[in-house]
Amino acid sequence: MLAWFTSISSAALITTAALGEPPVFSQAGFEADRAAATESNRLHLVYATASWCPPCQQMKKTTWVDDTVVSWLESRAVVTPLDVDAFPSKSAELRVRAMPTMILFAGERELSRAVGYRSADQLASWLEASAPAMPAPSEEAEDVPAGAPADEAVVEESADSGTAALDPSRPIRPQLAARAAAMETYLDLEVEIQALRALSAEGAHAMAAEGLMWLFENERRMVRRKDDARIEFLAPAMREVAEAHPHTAERLTSQRDAITRALAAVDARSLQKWALLCSATGGDDTMADALAALLAERAPTPALRTASGSFVSMLGEQGRYDLLAQLISPSRYADSLAQSARRFPATTDAEAGIRRARLAAAYGAALSTNDTPAAQAVAETTHALDPSPEARAALAQAAEATDRDPVGLDVFLVE
């Protein structure tokens with residue numbers, strides 16, 4: 001019996017223009033589809049398949065003709081069917097090892113991939129969880145006048161803030177990408193958030209949400225890192241946008257719920273995005289409940305451990321130190337914060353507060369498991385970074401929340 005995950009083997013060459021292909025499939029070929037997706041500001045979905053692969057053929061009969069899937073793809077993506085026997089070089093280039101494989105791209109950047117059979121509901125959930133947010137129909141960019149490239153950054157200065165203004169008549173992602181490319185070092189995260197807040201204040205709420213998601217997705221590559229504190233900086237701004245625009249709130253909540261349903265299978269990047277969406281949509285309880293259910297069934301996955309830093313502040317705020325203790329090593333986490341602090345010293349009260357809250361959460365996680373040496377180590381690391389009364393109070397508050405006696409706080413009394 002053939003397995004659902006089928007390895008590539010030699011077979012008769014079958015072209016993708018064969019009869020019976022789902023209408024949503026493009027027949028233009030990979031390069032033409034990539035260009036068309038880029039030109040139309042859509043995603044590029046590659047479907048690696050083979051004529052001898054039973055699950056591939058089943059998906060063509062069911063998944064790829066489902067109304068929900070087709071509607072999503074027609075509005076947001078160009079779909080390239082890739083027969084691995086007809087195009088072995090391209091398949092090897094894309095690292096296809098089994099069929100069916102779905103690979104979602106934004107331009108040349110791979111967003112996510114899924115291997116194996118997917119029902120219509122499963123594929124729709126994966127697409128929604130993997131794709132960036134899109135502007136609401138009522139707020140899509142107007143046509144760009146001839147001679148004004150869509151990817152040209154707008155550099156008009158805002159009289160109120162002194163930051164570079166964004167143009168609500170142009171697609172937001174190319175604008176931000178151009179601004180990043182024009183910088184010799186990095187984009188300043190807070191400055192860009194301020195510019196996007198101004199955009200939302202002008203009524204372009206969905207565009208602002210899309211821009212905030214771009215900052216999240218590109219922060220490691222283009223935007224200065226601040227203790228990996230993307231969620232703490234971005235979530236409040238995204239929450240403001242969602243509260244001002246119900247349609248945006250619904251879309252962000254839909255993305256959050258799609259990842260929640262597939263939580264055990266998604267990658268670390270999707271988990272980080274999920275944490276941001278939970279914070280932005282008031283889904284703190286959703287996050288804690290879903291993590292509790294998952295951890296009750298199995299040990300943390302590698303992806304969950306990789307993304308664990310994204311959950312620290314939220315779980316700490318909720319007092320869910322029991323969950324946090326399953327995801328991080330408190331002393332190692334505190335050490336990593338210390339290393340980051342040496343590279344990026346806190347320059348604002350907000351940054352110092354975020355770091356303080358994260359250390360307090362790690363301290364609470366250590367106490368919740370009666371790990372006294374770890375709690376002592378976190379207290380000492382905290383004192384070395386921030387010997388302020390506020391830092392000591394944060395640790396004491398975490399100890400109170402765990403109903404444990406505080407450990408190591410006497411270090412704050414030593415001058």
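In which hand, left or right, does helix 6 cross helix 7? The crossing of helix 6 with helix 7 is right-handed. The model shown is predicted. The legends below begin with the whole chain and then move to close-up views.

**Figure 1. Overview of the predicted chain.** The protein chain holds 19 helices and six strands. It has 415 residues, and 51% of them are buried. Take the contacts between residues at least 6 apart in sequence. Of these, 70% join residues at least 24 apart.

**Figure 2. Helix 6 passes helix 7.** Helix 6 spans residues 172-182, and helix 7 spans residues 189-201. Their axes come within 13 Å and cross at roughly 150°. Angles over 145 degrees count as roughly antiparallel, so helix 6 is roughly antiparallel to helix 7. The crossing is right-handed. On the helix 6 side, the contact uses I172, L176 and R179. Helix 7 contributes E192, A195, L196 and L199. By class, this contact has five nonpolar, no polar and two charged residues.

**Figure 3. Burial along helix 6.** Helix 6 is mostly covered, with eight of its 11 residues buried. The buried residues are I172, R173, P174, Q175, L176, A178, R179 and A180. Among them, I172, L176 and R179 also meet helix 7.

**Figure 4. Helix 16 against helix 18.** Helix 16 covers residues 330-343, and helix 18 covers residues 372-385. The two axes come within 8 Å and cross at roughly 15°. Angles under 35 degrees count as roughly parallel, so helix 16 and helix 18 are roughly parallel to each other. Their crossing is left-handed. From helix 16, the residues in contact are P330, S331, A334, D335, L337, A338 and A341. From helix 18 they are A374, A377, V378, T381 and L385. Sorted by class, the contact has nine nonpolar, two polar and one charged residues.

**Figure 5. The largest nonpolar core.** This core has 83 residues. Which of its residues touch the most other members? They are L212, L271, W274, F311, L315 and Y363. Helix 17, residues 349-368, supplies the largest share of this core, with nine residues. A second, separate core has 34 residues, including M59, A77, L94 and F105. In soluble globular proteins, nonpolar side chains tend to be buried together.

**Figure 6. Contacts of L271.** Leave aside residues up to four places away in sequence. L271 then touches L263, V266, A303, L304, A307 and F311. Both L271 and F311 are on the list of residues that touch the most other members of the 83-residue core.

**Figure 7. A cis peptide bond at M99 and P100.** Most peptide bonds are trans. The bond that joins M99 and P100 is cis, with omega at about -10°. P100 sits in the loop between strand 4 (98-99) and strand 5 (101-106).

**Figure 8. Positive phi at R95 and at D403.** Most residues other than glycine have a negative phi. R95 has a positive phi, near 60°. R95 is in the loop between helix 4 (88-93) and strand 4. Its relative accessibility is 48%, so R95 counts as partly exposed. D403 also has a positive phi, near 60°. D403 lies in the segment after helix 19 (389-402). Is D403 buried or exposed? D403 is exposed, because its relative accessible area is 70% and the cut-off for exposed is over 50%.

**Figure 9. A32 and T80, C-alpha to C-alpha.** A32 belongs to helix 1, residues 30-39. With a relative accessible area of 40%, A32 is partly exposed. A32 and T80 are 48 residues apart in sequence. Their C-alpha atoms are 9.5 Å apart in space.

**Figure 10. S71 and V24, C-alpha to C-alpha.** S71 is found in helix 3, residues 67-76. S71 counts as partly exposed, at 44% relative accessibility. How many residues apart along the chain are S71 and V24? They are 47 residues apart, and their C-alpha atoms are separated by 9.2 Å.

Conventions: Residues numbered from 1 in each chain as written. Predicted model: local features only at pLDDT ≥ 70, side-chain atom pairs only at ≥ 80, totals over all residues. Heavy atoms only, no water. Axes fitted to C-alpha atoms, helices over the stretch in contact; angles between N-to-C directions. Helix = DSSP H or I, 4+ residues; strand = E, 2+ residues; numbered from the N terminus. Parallel < 35°, antiparallel > 145°, perpendicular 65-115°, else oblique. Left-handed = near helix turned anticlockwise from the far one by under 90°. Contact = heavy atoms within 4.5 Å. Nonpolar A, V, L, I, M, F, W, Y, C, P; charged D, E, K, R; others polar. Buried < 20%, exposed > 50% of the residue type's maximum accessible area, 1.4 Å probe, protein only. Core = buried A, V, L, I, M, F, W, Y, C linked by side-chain atoms within 4.5 Å.
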